[in-house]
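Try each task before reading its solution.

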Amino acid sequence: MARHRNVRGYNYDEDFEDDDLYGQSVEDDYCISPSTAAQFIYSRRDKPSVVEPVEEYDYEDLKESSNSLLNHQLSGIDQGKSIDSQSSRSESEIVPKVAKMTVSGKKQTMGFEVPRVTAEENGHIFHTPQKGHSSEDTGLVSSDVLETASKSALPSHTIQTSEEQSSTPTPVKKSSKLRQQIDIKAELEKRQGGKQLLNLVVIGHVDAGKSTLMGHLLYLLGNVNKRTMHKYEQESKKAGKSSFAYAWVLDETGEERERGVTMDVGMTKFETKTKIIILMDAPGHKDFIPNMITGAAQADVAVLVVDASRGEFEAGFETGGQTREHGLLVRSLGVTQLAVAVNKMDQVNWQQERFQEITGKLGHFLKQAGFKESDVAFIPTSGLSGENLITRSQSSELTKWYKGLCLLEQIDSFKPPQRSVDKPFRLCVSDVFKDQGSGFCVTGKIEAGYIQTGDRLLAMPPNETCTAKGITLHDEPVDWAAAGDHVSLTLVGMDVIKINVGCIFCGPKEPIKVCTRFRARILIFNIEIPITKGFPVLLHYQTISEPAVVKRLISVLNKSTGEVTKKKPKLLTKGQNALVELQTQRPVALELYKDFKELGRFMLRYSGSTIAAGVVTEIKG
C-alpha cells in the first residue's frame, strides 16, 4: 500500500502555504478596464474649451491606488507577478490595439474594420473615441457631447473620413430589414415550380389494404426503386407474407412487418402533375387510434380505403368497425374532401353491383357525418395488382361500367386549403430527437405563420425560449418554411428535457394561450354511457393525449342554430350538441376555434372509443 497517500494522517496545511494562487485573481488588477479608463481620460483632455477644468488624475495614480488595495492581500511572489502584468499592460497602452467598437451606433465591428483615428498633441498619442462608444463603455458622458468634442479636436479631413466610415454600415442594416420582411406568399408560389402542397392521410379499417395500396402507388410512380422492391418481395416471402411486399414500403419497423399491422403514422412524399403530396399512412387497428388522430389532425384531405370482399366491408362498417369511426374522426378534425378507394375489387371480379352497394351504404353515412356529396369520390381499385391507381384501368371488366378518374387523378384534383400564412407562427411538435451536432431537433407541421433561420421561438407550455438554428424540409436544409410544411427544426439555447411531444412553438411576441380549464362546444357520437359531471375522458388535441374531466355541463344546444335549448343539464346522451367545461391534469396550449381553426379542434375518447368531437370556445385559465 506504499503507493497510496496516507489520507488520514496527512497534513493538508502544507499544501496551502506561500505559493497558493487558488481562488486569487492575479490578472485583473484594475477596478475598470484600461481601455475604458483610457477613453474616459482622453475625452476629458480633448475638450478644454467645452468642459470646465476638472482635477485630472494620472493613469499611474489609478494603478497605484488599485495596487495598494491588493498588495496587503498578496504575498511576495504574487506582487512580483502583478508588477509583471502591470508592465505588460502599460506597454499595451502605448501600442494601439484593435478593439471592439461601435461605429455611430450602426453595427458592432471587430478586427481591422474599426476606424481608428489618432492625433498627436504635445508628444502624446490620443485615441479619439467614435460616437456612441464612449457612452456605451463609461455611461458618464453623452455620445453627442463626445462627438462634438472629438470633432473639435481633430483636423477637418480626419472628421470627413470618420463620417464616411460611420456611414458605410448602413446598407447592411437595410439588407437585414429586407430579410425580415420576406414576401412569403410570393416565395411560396416560386417554390417547387408553382406546385401546391397537400397533406393527405390514408385511413380505413384494419386489413383494408391501406399500406399495400399506397406502397404500390409509390412503386408505380418510381418513388421506390426496383432493387428495393425486389428485396421486400424476397423478405416477405421468407416471412410467409408474400402479399405484404408493397405494404413494407410504408411499414418500416420490424414489429409492424412481423405483425402485418401498421402501428405508427408512416410519412412520405410524392408528386402529381400539379401538387406535392405529403402522404401519411395511418394505422387502422383500434388499439392505435391515438396515432391515427395525430395523422388526421395534420391532414388537409383523406383517402378512405374500404375492403370490397364479402363480409370484410360489413365487418369494418358495422358497430365496432373502424370505417365509421375513422370517417367521423377526419370530418371532426377539419377534413372536408374525401376519396373513397373501394379496394380489393379484383376479389369480387369487378362487380358493378358490389361497388354500388358499398357506395350506397357509405355515401349515406358520410353525408350524415357532414361531408358534401360533391366532395366525396368513389374509386374502384386493386392495391395488389395495381389496377386503376396511377392510370385508368384497361381491364374490360371494369371499363364497361366505370368511366371515372383513377386514384392519382382524383388526388390531383383535390383543392388545396387556404394556408394561414399571415397569422402568428404556430408549430405543433410531433417528435423530439437529439441531433449529432449542438442542440436538438423537433419535427412537426407548421399550422400557421412562417419561420426563418435565426428566429427566436417560445415553447409552450414549458414557457422556454430558444433559437431556430436550422430548418429542414423534406430532408433538405432551407432558409424558411411556411404554414402547411412538415419541417424539422434544429434548436439551440434550450434543454431537450423541457420539450415533449405536443408542445407548441410560437413567436415570443404573440404567444399561444396555456390553460387547464376551458369551455368547448362538443358533438356527442354514439355512446352507451351518458356523460355526467365529473366524467373522465382522454383529450386528443393535435399530437397530445391528455387525461381530462368534464367539470361542468353548461347547456344543450340546437344542432343547426346553436341556440340554447336546455340550461344546466344533468347528463348528455348520444347525438346531442352541448357546451361543457373541461379541466385537464396538466396545462395544455390551446387556441380559440374562431381565431385558429386548426388549433381549436379536439377529440374526446373514453375506454377505447371516440365519444365526442369539440371546438374550443373560451379559455378559462
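**Exercise 1. Find how many disulfides the whole structure has.**

Solution. Search for pairs of cysteine sulfur atoms within 2.5 Å, the definition of a disulfide. The search of the whole structure finds zero. This is a predicted model: local features need pLDDT of at least 70, side-chain atom pairs count only at pLDDT 80 or more, and totals for chains, interfaces and linings use all residues. Residues are numbered from 1 along each chain as its sequence is written, and side-chain values use heavy atoms, leaving out hydrogens and water.

Relative accessible area (1.4 Å probe, protein chains only) sorts residues into buried, under 20%, exposed, over 50%, and partly exposed in between. Cys 441 is buried at 5%. Cys 515 is buried at 1%.

**Exercise 2. Find which residues pair with Glu 357 in salt bridges.**

Solution. Look for a side-chain nitrogen of Lys or Arg within 4 Å of a carboxyl oxygen of Asp or Glu; that is a salt bridge. Arg 310 meets Glu 357 at 3.6 Å, N to O. Glu 357 lies in helix 15 (residues 352-369) and Arg 310 in the loop between strand 8 (301-307) and helix 13 (312-317), so the pair ties together parts 47 residues apart in sequence. Helices (H or I, at least four residues) and strands (E, at least two) are DSSP runs, numbered from the N terminus.

Arg 354 also bridges to Glu 357, with the closest N and O atoms 3.4 Å apart. Both lie in helix 15, three residues apart, about one turn of the helix.

Finally, compare accessibility. Arg 354 is buried at 1%. Glu 357 is partly exposed at 32%. Arg 310 is exposed at 54%.
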